[in-house]
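Q: Hi! Could you walk me through this one while I have it open?
A: Happy to, let's take a look together.

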Amino acid sequence: MINRLALIGLGLIGGSLSLALKERGLVGEVVGYSRQLQTRLRARELGLIDRPVDSAAEAVRGADVVFIATPVQAMASVFAEIGPELDPGALITDGGSVKGNVVAAAKLSLSPAQWGQFVPGHPIAGTERSGPDAAFATLFVDHRVILTPISENAPEMVTRAVDLWQSVGAIVEQMDVQHHDHVLAATSHLPHLAAFGLVSALSRLEERYEVFRYAAGGFRDFSRIASSDPQMWRDICVANRDELLPMLDHYLVELHRLRQLIEASDSAGVEKLFADAKAVRDALYRPATSQS
Ligand SMILES: NC(=O)c1ccc[n+]([C@@H]2O[C@H](COP(=O)([O-])OP(=O)(O)OC[C@H]3O[C@@H](n4cnc5c(N)ncnc54)[C@H](O)[C@@H]3O)[C@@H](O)[C@H]2O)c1
Ligand SMILES: O=C(O)C(=O)C[C@]1(C(=O)O)C=C[C@@H](O)C=C1
């Protein structure tokens, strides 16, 4: 049970965590701060927070849990602002999609005595929608949450972070910060880059209006995530560039290989590449049978 939760960033992720805790009766009061007054008022109207405040520092005063859910590059200034106001017993955690830069920002802005309180986290759950209206209470149910504890963490703080996510139905795993950023570059950051890139490329075609008029299911499925928030994805791509760029190069090599096969009218080669990819994806998303 949390007495007072400080929520910094009142959008899809922060709002959904708050709704999930409130729905289960696991939190006393939720105090919220977001940059814009309009967002804070909307968050209260939607019941995501009980009390909007005018600064991150004010939000964390007296809180026993602090959850930061702003875009990842904004977290450095948040840590700097909240540091002097944090309760020494408070758990500080976040939902950022990149962990390396967030941990570096925390270490730079919090005092070494506070490092042990910060347990970095990342819910592998989301949608292409953002802002307080996008939040919903069931977002994390049966979804993985990756915690990337740091060596300074007090074991009690890690346990509290695990309990927090499990209490809203998530499956918690732990991994090393750098490994997290490597793996997520592949399965989350690269696909978003590909989707934004495809829509951008098509929108530059002279015949774009004609092209988009006939866009159907395939384009819709592939491009859904290009409707995601540009600021959030700008921050992720820049913060994780060291892992993302080699992954992008790896993808470009594969696209180039495919291009060569098609150019050579190598039907067998094209079919094999597609069949191998289909087998991998089918295995990943095989529908559950009644026996399994
Ligand atoms: N959207 C997803 O699918 C998803 C999934 C997992 C993790 N994440 C991560 O969670 C975090 C939040 O993402 P989201 O989808 O909730 O975004 P969102 O845009 O819905 O919400 C972000 C909130 O942060 C506020 N904000 C921005 N800068 C701020 C600042 N300097 N100080 C205070 N508030 C500020 C915004 O006004 C907004 O209310 C990001 O770090 C993102 O990488 C997102
Ligand atoms: O389903 C979506 O729309 C998402 O983009 C969710 C998604 C992803 O799967 O890539 C996006 C960012 C995250 O940090 C975690 C989850």
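Q: Which residues come nearest to ligand 1?
A: This is a predicted model, to start with. Of the 32 residues around ligand 1, the nearest are G9, G11, S97, G126 and S130.

Q: And which elements give two or more residues to that shell?
A: Those are α1 (12-23), α4 (75-82), β7 (121-123) and α11 (230-239). The largest share comes from α1, with three residues.

Q: What's the shell like by class?
A: Around ligand 1 there are 14 nonpolar, 16 polar and two charged residues.

Q: Where does ligand 1 lie relative to the domains?
A: It lies between domain 1 (2-175) and domain 2 (179-284), because both give residues to its shell.

Q: Switching topic: which residues touch the most other members of the largest nonpolar core?
A: L5, A6, L7, I8 and V66 do, in a core of 59 residues. The element giving the most to this core is α1, with six residues. Domain 1 (2-175) and domain 2 (179-284) both contribute, so this core lies between them.

Q: What does L5 touch, leaving out residues up to four places away in sequence?
A: L5 touches S18, L21, V27, V30, A63, V65 and F67.

Q: How about strand β1, how many of its residues are buried?
A: Five of the seven residues in β1 (residues 2-8) are buried, so the strand is largely enclosed by the rest of the structure.

Q: Does β1 run parallel or antiparallel to β2?
A: They run parallel, with six bridges joining β1 to β2 (residues 27-33). In β2, G32 stands opposite L7.

Notes
Residues numbered from 1 in each chain as written. Chains lettered and ligands numbered in written order. Predicted model: local features only at pLDDT ≥ 70, side-chain atom pairs only at ≥ 80, totals over all residues. Near = placed C-beta within 6 Å. Helix = DSSP H or I, 4+ residues; strand = E, 2+ residues; numbered from the N terminus. Nonpolar A, V, L, I, M, F, W, Y, C, P; charged D, E, K, R; others polar. Domains from an automatic or database assignment. Core = buried A, V, L, I, M, F, W, Y, C linked by C-beta atoms within 7 Å. Buried ≥ 20, exposed ≤ 12 C-beta atoms within 10 Å, placed from the backbone. Contact = placed C-beta atoms within 7 Å. Pairing = 2+ DSSP bridges.
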